Structure formats: structure tokens, C-alpha cells
Amino acid sequence: MLEGYLFMSLSIKNLSITIGKKDIIIDQSVGIADGSKVGLIGRNGIGKTTLLKAILGKTDYSGEIKFNGKIAYFSQEIDMDLKKTGRETIEQRAEIHHQNEFEKELGEIEALLSRQDICESHEKLAELTDRYVVLQAELNKHQATHATGKIKSVLKTLEIKEDWLDKKIGELSTGQRAIISLAQILSSDADFLLLDEPTNHLDFKRLEILENYLKNFKGTVLMVTHNRYFLDRVCDAILKIENGKWIKYNGNYSAYVKTREAAFEAQKNAYEVEEKYLENERDKISRIGTSPSKVKQGNYRKKLLERREVIEKPDMDKSKFTTTFEASPIKSPTVLELHDLTVGYNKPLISNINLNICVGQRTILVGDNGIGKSTLFKTIEGRIPPLFGKVKLDHDGKLGYLDQELKDLCTHATLYEEIYAFFEDAGKTRQQLAMVGFITNEEVHKPISKLSTGEKSRLNLLKVLIKKPNFLLLDEPTNHLDIDACEIIENAFLNYEGAIFAVSHDLYFIEKIAHRVLKVVDGKIVEFKRK
Ligand SMILES: Nc1ncnc2c1ncn2[C@@H]1O[C@H](COP(=O)(O)OP(=O)(O)OP(=O)(O)O)[C@@H](O)[C@H]1O
Ligand SMILES: [Mg+2]
């Protein structure tokens with residue numbers, strides 16, 4: 001059944017996916033070779049997660065998708081049972097997806113076997129049961145075997161600590177949850193990994209571990225990430241989705257950028273030459289004269305022009321929106337003071353913090369997963385009481401808090417309704433939505449529940465900024481944002497007049513905006529010296 005796909009891990013032919021009225025993918029084909037590491041990129045909301053779901057058979061599509069081997073899937077939403085412990089979660093097998101056809105045919109046979117007429121024919125019954133046994137054996141081959149040895153080695157590789165395993169998932173930090181979810185997948189015997197933004201939330205150490213793991217992985221990887229360093233180091237091909245179509249580029253991310261820029265320049269030149277030629281021709285035709293023979297000649301030349309192949313205006317497919325973040329006035333130079341602050345749940349995570357955050361200053365906090373960064377931010381925001389010490393926000397201080405898990409955004413309203421509630425003014429609502437890239441009617445009237453995670457992340461940011469805070473507390477603000485959106489938002493932060501205190505593992509972001517970098521080490525906050 002799988003011959004012909006021997007050297008292709010994934011073969012997609014004439015794939016089209018439509019969601020509601022929107023064409024996400026239009027008649028696209030691609031093959032991914034065995035062992036290849038492909039980065040899947042494209043703007044927020046373009047359909048990357050939808051494509052992964054189609055491969056898994058979880059979204060309707062037309063066309064043909066065939067894959068060879070056993071797939072494990074890392075979901076961007078890191079959806080896990082919060083009541084189970086880390087250990088129970090890892091020991092529970094990662095779901096393994098195999099070529100859908102086994103299951104499909106098994107289902108068909110089961111349906112046939114329940115029919116009276118078939119059961120009465122011994123010959124038919126024997127034939128179907130034989131086929132059933134063969135298929136079932138094939139299917140079992142594709143189920144995960146979960147060797148304890150492999151789990152142990154993955155736990156060690158990912159530096160998962162014993163105490164994470166004893167805790168309930170609900171009591172783990174976001175990064176720890178991501179690591180547990182990765183451990184489930186890496187310890188399965190899948191030979192094809194579909195990873196949807198696996199790098200979000202990972203600390204520097206784990207990013208490097210995952211990078212090395214994937215580089216040495218013998219199987220195939222199709223991975224969505226906006227992390228440029230990671231794409232560069234791991235991928236040998238890039239699949240870029242744009243306007244319902246995709247192009248596959250061989251090479252890593254830097255090679256893709258070069259090829260794309262060269263193609264853009266070439267097309268820009270061709271377009272300009274063509275435009276000049278057309279302009280010249282039209283000008284000549286308009287001055288050709290009015291005698292019947294000249295009119296005839298003019299019509300002929302017009303026809304020739306119409307028949308020329310159209311050279312499309314090149315488009316770099318950049319997210320195009322401009323954003324400025326306004327800050328409410330504040331007189332004091334210091335917006336936040338932390339005095340001998342100790343934060344944690346049952347026991348201290350970070351102790352004796354004495355820190356001032358000044359207006360106009362951008363401070364970044366880094367540190368390993370699970371060290372207490374989000375706990376500190378939640379304590380400053382007031383969701384968690386301090387274990388000791390004081391949080392003093394200036395009386396003019398207006399705090400805007402961006403939660404790491406987008407939890408503050410759970411509504412069935414549309415984007416328009418959500419933002420209209422603040423202004424009760426249609427024009428202002430549209431203008432604000434446009435500031436984070438929601439421009440068309442179709443975009444603004446989408447229900448929030450239908451947004452991609454990257455789009456949710458942009459809306460979340462807008463909701464925080466609408467109130468004109470003069471102090472932004474941002475917990476990993478660039479996770480989920482596409483590369484262009486990141487840049488636009490980084491530039492807006494650079495021009496922001498309030499104070500920024502942000503957690504981040506995104507090196508591009510840190511390099512670009514940080515005035516000061518702090519690190520949590522051994523339960524203390526220290527200045528982080530950059531090399
Ligand atoms: N609701 C909770 N109850 C008890 N312990 C918790 C709870 N939430 C988090 N913790 C624990 O507190 C520690 C710090 O978690 P926190 O979310 O602050 O880490 P973090 O530094 O933000 O990590 P990450 O980089 O993964 O986001 C972790 O060890 C976690 O297990
Ligand atoms: Mg955190």
C-alpha cells in the first residue's frame with residue numbers, strides 16, 4: 001500500500017482546505033523526503049496549524065495526503081490534563097498517528113461484518129476476517145511502544161527534575177508543561193514529528209537541547225516556529241505558506257531569506273521593465289493617428305498588449321500594520337518599587353527582591369523554566385499575595401499585564417465586539433484593531449474563539465494597551481507572533497514612553513529592546529551581564 005512512498009515521508013497532492021468561506025490552501029502539492037527537517041512558516045492565521053491538522057486527518061480537505069511512518073504531534077496549545085502528575089502524563093503514551101488508510105479500511109470491514117448478508121456468506125466472511133487480521137497487525141506495528149529506558153533517557157536529556165514529575169500539571173510553569181509534552185513525544189517511537197511552535201516557552205538551555213535532539217533525529221520533522229535562530233540551525237528546507245499557496249525552498253532560514261530577496265529583486269526588475277514597456281506602447285498607440293489604416297494598426301497593437309503575459313507586482317508578504325503604544329502621564333521617575341519581596345506558592349521561589357522599575361526603562365527578566373518568573377509577575381499584578389515584603393506601585397502608575405498563557409482572553413465575542421465595548425465608537429474600534437493587523441471586514445468580525453494563537457496574542461496585547469498603561473508587565477510577549485508582527489511590535493516598544501518589565505527567551509527581542517537584563521539564579525535576582 002505504501003510502495004511509491006518509500007523515500008517520501010509525506011506526499012501531498014492537490015490539497016485544498018476551506019474553512020467556512022475562506023480558502024486556506026488552494027490545490028497545492030509537495031513531497032517531503034525521509035529524514036528531512038522542514039520549517040513551516042507564514043503569517044499568523046495563514047493556516048499552518050490547519051495544515052498540520054489536515055495531515056493528522058483532523059480537518060476536512062480535498063486532495064491526497066499520504067505519509068509513511070508513525071507521526072507524533074506537538075500542539076501549540078499544550079493541552080494536557082491538569083490533574084495528572086508529570087509522571088503519569090509522560091508514562092501515558094503520546095498519541096501516535098499512522099497512515100489513515102489502515103483505520104479507514106478497518107472501519108469499512110467492521111461495517112461490512114455487521115451486515116447479515118455478509119455473515120451468511122462463509123467465503124466472504126473468511127476473506128474479510130483474513131484482511132481484518134492483516135490490517136490489524138499493520139496497525140499494531142504503527143502503535144507506540146513505550147520503552148521505559150527511552151523515557152528515562154529523554155527525562156535526562158531534557159533535564160526534567162524529579163519534583164516536576166511528582167507535581168500535578170496544573171502546578172507546573174508553562175515552560176515545564178511544554179517540556180513534559182515534548183518528553184511524551186520524544187519518548188514515543190514516532191519517526192515523523194509534527195511540531196507546532198515547540199520553541200515557545202523554552203528557556204535557553206532547553207532550546208539548545210531541543211535543537212541538538214532534532215538535528216540528530218533520524219526521522220522526519222515538519223515544524224512551525226517563528227524562532228529565526230532555531231529555523232536556521234535545524235531546518236534543511238523551508239515551506240512558506242502565502243495566500244493559499246506554498247513554496248518550498250531548499251536550505252535553512254538564511255538561505256530562504258536570500259533566495260526570496262533575490263526572487264523579489266528579479267521580479268521587481270521584470271515588473272518595472274514591463275511597466276515601462278507597457279507605458280511606452282500605450283503612449284505610442286494613443287498618438288498613432290486617426291486614419292482607418294492607423295486605427296486598424298492601433299487596434300492590432302492593443303490586442304498584442306492585452307495578450308502579453310501579466311507580470312505580477314512583487315509582494316514581500318509582510319505583515320503591514322503600524323502601531324504606537326501610548327502611555328498615561330506619570331510624574332514620578334519610578335513606577336514600581338519592590339522592597340525585600342519574596343514570592344512563591346508554599347515555599348519561596350525568589351527571595352529578597354529589591355528593585356526599582358523606572359519610567360522610560362525597558363528591563364528584561366530571564367531564567368530557567370520553572371524558576372519563578374511568572375510567579376513574580378503575578379505577584380506584582382496582585383493575583384498572588386507576596387510571601388514577604390512589599391510591592392509599591394506609584395499612585396499615577398497604570399499597570400498593563402500580559403499573561404503568558406493568554407488566559408485573559410476567553411470569550412465568544414467577535415474581535416469587533418470585544419474592542420467596541422471599550423470605545424462605543426465604530427471608527428475608533430476599527431482604527432485600534434488595525435493597529436495590531438486586523439484590517440478587513442472578514443478579520444474584524446471573526447469570533448475570538450476562531451483566531452489562531454498568534455492572532456489571539458495580538459488581540460491580547462491590544463486589550464492591554466487600549467487602557468494606556470504607563471507600566472507594561474509582559475510575560476513572554478513575542479511567543480506565537482509571526483516574524484513581521486514581532487518586528488512591528490518591537491518597534492512600538494522602542495517608542496513607548498512608559499516602563500517595560502518583560503520576561504523573554506527570545507534573543508532577537510532582548511537584543512533589540514533591553515536597556516537592562518536581569519536573571520533569576522538560585523532564588524535571587526541578579527544583573528545579567530551580556531557578552
Ligand atoms: N498554581 C501553582 N501552584 C503551586 N505551584 C506552582 C503553581 N504554578 C507554578 N508553580 C510552581 O512554581 C514554580 C515557578 O513557576 P513559574 O510559572 O513562576 O515559572 P517561570 O519561571 O515563569 O517558568 P517558565 O519559563 O516555564 O514560564 C514552578 O516550579 C512551578 O512548578
Ligand atoms: Mg513563566
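Modeller: A helix here is a DSSP run of H or I of at least four residues, and helices are numbered from the N terminus. The model is predicted. With that numbering, α8 and α13 (373-381) each supply at least two residues of the shell around ligand 1.

Biologist: Which residues of the shell come nearest to ligand 1?

Modeller: A residue belongs to such a shell if its C-beta atom, placed from the backbone, lies within 6 Å of the molecule. There are 20 residues around ligand 1, and S173, G175, K373, S374 and T375 come nearest. By class, the shell holds four nonpolar, 12 polar and four charged residues.

Biologist: Which domains does the shell around ligand 1 draw on?

Modeller: Domain 1 (8-254) and domain 2 (334-409 + 449-527) each give at least three residues to the shell. These two domains are the ones in the domain assignment of the protein chain.

Biologist: How many residues does each domain bring to the contact between domain 1 and domain 2?

Modeller: The centres of the two domains, taken over C-alpha atoms, are separated by 33 Å. The contact takes 25 residues from domain 1 and 24 residues from domain 2. On the domain 1 side, the elements giving two or more residues are α8 (174-186), α9 (204-216) and α10 (228-234). That side of domain 1 comprises seven nonpolar, 11 polar and seven charged residues.

Biologist: Let us turn to helix pairs. At what angle do α11 and α12 pack?

Modeller: The angle runs from 0 to 180 degrees between N-to-C directions. Helix α11 (residues 253-286) packs on helix α12 (residues 292-307) at about 160 degrees, and their axes are 10 Å apart. Because angles over 145 degrees count as roughly antiparallel, α11 is roughly antiparallel to α12. Their crossing is left-handed.

Biologist: Which residues of α11 and α12 meet?

Modeller: From α11 come L278, E281 and I285, which meet G298, R301, K302 and L305 in α12. This contact has three nonpolar, one polar and three charged residues.

Biologist: How is the pair α14 and α15 to be read, and what is the angle there?

Modeller: Helix α14 (residues 415-423) and helix α15 (residues 426-435) pack at about 120 degrees, with axes 9 Å apart. That angle makes α14 oblique to α15. In passing α15, α14 makes a right-handed crossing. The contact is formed by L415, Y416, I419, Y420 and F423 of α14 together with K428, T429, Q432 and L433 of α15.

Biologist: What classes of residue does the contact of α14 with α15 have?

Modeller: It has six nonpolar, two polar and one charged residues.

Note on methods. Residues numbered from 1 in each chain as written. Chains lettered and ligands numbered in written order. Predicted model: local features only at pLDDT ≥ 70, side-chain atom pairs only at ≥ 80, totals over all residues. Domains from an automatic or database assignment. Contact = placed C-beta atoms within 7 Å. Nonpolar A, V, L, I, M, F, W, Y, C, P; charged D, E, K, R; others polar. Parallel < 35°, antiparallel > 145°, perpendicular 65-115°, else oblique. Left-handed = near helix turned anticlockwise from the far one by under 90°.
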